[in-house]
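Morning, everyone. Please bring up the model on your screens, and we'll walk through it together.

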Amino acid sequence: MKLKGFKQIARSVKKKLKELIEEPAEKSDRIKKLIENGNLVIGDDCLLDGLEIYNYEFKNNTTNVIIGNGCHLMGTIALNSATAKVTIGNGVSIGPQTTLFCRESISIEDDVMISWGCTIIDTNAHSLKSAERANDVTDWKKGYQHKNWNVAESAAVNIKAKSWVGFNSIITKGVTLAEGTIVGCGSVVTKSTKSYTVVGGNPAVFIKDTE
């Protein structure tokens, strides 16, 4: 009975992994087209397990995404302007169901690990003033080009080398995770951190030093 139960668990885990890990993105027509059009640059020895890259207004010969060497990337990169730029260093890991939502700039340096279910976003996406966002739904229904991005604040996100972001965490606009930062799972990081510290909570606060 114990062996049977173990086999059932193993099959369940295998099925779940199959759902999370899709066909390698290197083989997808979307990824090939982005490379051909100059929107995407990928380094050597990368595994892109179902990574999706979207933009409402790609322009040829405008590099939006740069991926370094030896990366293992899943999830989604959602670009929201023709000039949005995501730069990913060497040896970076990004888990499934994680989304990088970029209006201007998101930078991830070498040897960073970002777990599953995370959101990294460099914009408020909407105005903080109710009057300025009153027509957001109506405008968006007409098409992305009708949205007034001028009233939505954006600021670059920078994740420095050797940082580790725990699952289901959120990194908001203007945040810099200093080198070696560890973000506890389920945290909401709204302020920049100091090097080699552990932060956590909502909003995330300093917990302790690390190495």
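Ser 163 is buried, with a relative accessible area of 1%. Buried means under 20% relative accessible area, exposed over 50%, and partly exposed in between, using a 1.4 Å probe and protein chains only. Before I go on, this is a predicted model: local features need pLDDT of at least 70, side-chain atom pairs count only at pLDDT 80 or more, and totals for chains, interfaces and linings use all residues. Residues are numbered from 1 along each chain as its sequence is written, and side-chain values use heavy atoms, with hydrogens and water left out.

Where does Ser 163 sit? Look in the loop between strand 13 and strand 14 (164-165). Helices (H or I, at least four residues) and strands (E, at least two) are DSSP runs, numbered from the N terminus. What does Ser 163 touch, not counting residues up to four places away in sequence? Its contacts include Asp 111, Val 112 and Met 113. Leu 177, Ala 178, Glu 179, Gly 180 and Thr 181 are also among them. Contact means heavy atoms within 4.5 Å.

Ser 81 lies in the loop between strand 6 (76-79) and strand 7 (85-88). Ser 81 is buried too, and its relative accessible area is 7%. Beyond four places in sequence, Ser 81 touches Asn 55, Glu 57, Asn 64 and Arg 103. Phe 58 is 23 residues away along the chain from Ser 81, and their C-alpha atoms are separated by 7.8 Å.

Next, the core. The largest nonpolar core has 35 residues. Such a core is a set of buried Ala, Val, Leu, Ile, Met, Phe, Trp, Tyr and Cys residues joined through side-chain atoms within 4.5 Å. Ile 88 and Ile 108 touch the most other members. Elements giving two or more residues to this core include helix 2 (29-36), strand 6 and strand 7.

8 strands form an open sheet, in the order 2-5-8-11-14-17-19-20, with mixed pairing. Two strands pair if DSSP finds at least two bridges between them. Why is one side of strand 2 (47-48) and of strand 20 left without a neighbour? Both stand at the edges, each with a single partner strand, so one side of each has no neighbour in the sheet. Strand 19 (residues 197-201) and strand 20 (residues 204-209) pair in the antiparallel sense over 5 bridges. They form a hairpin with 2 residues between them.
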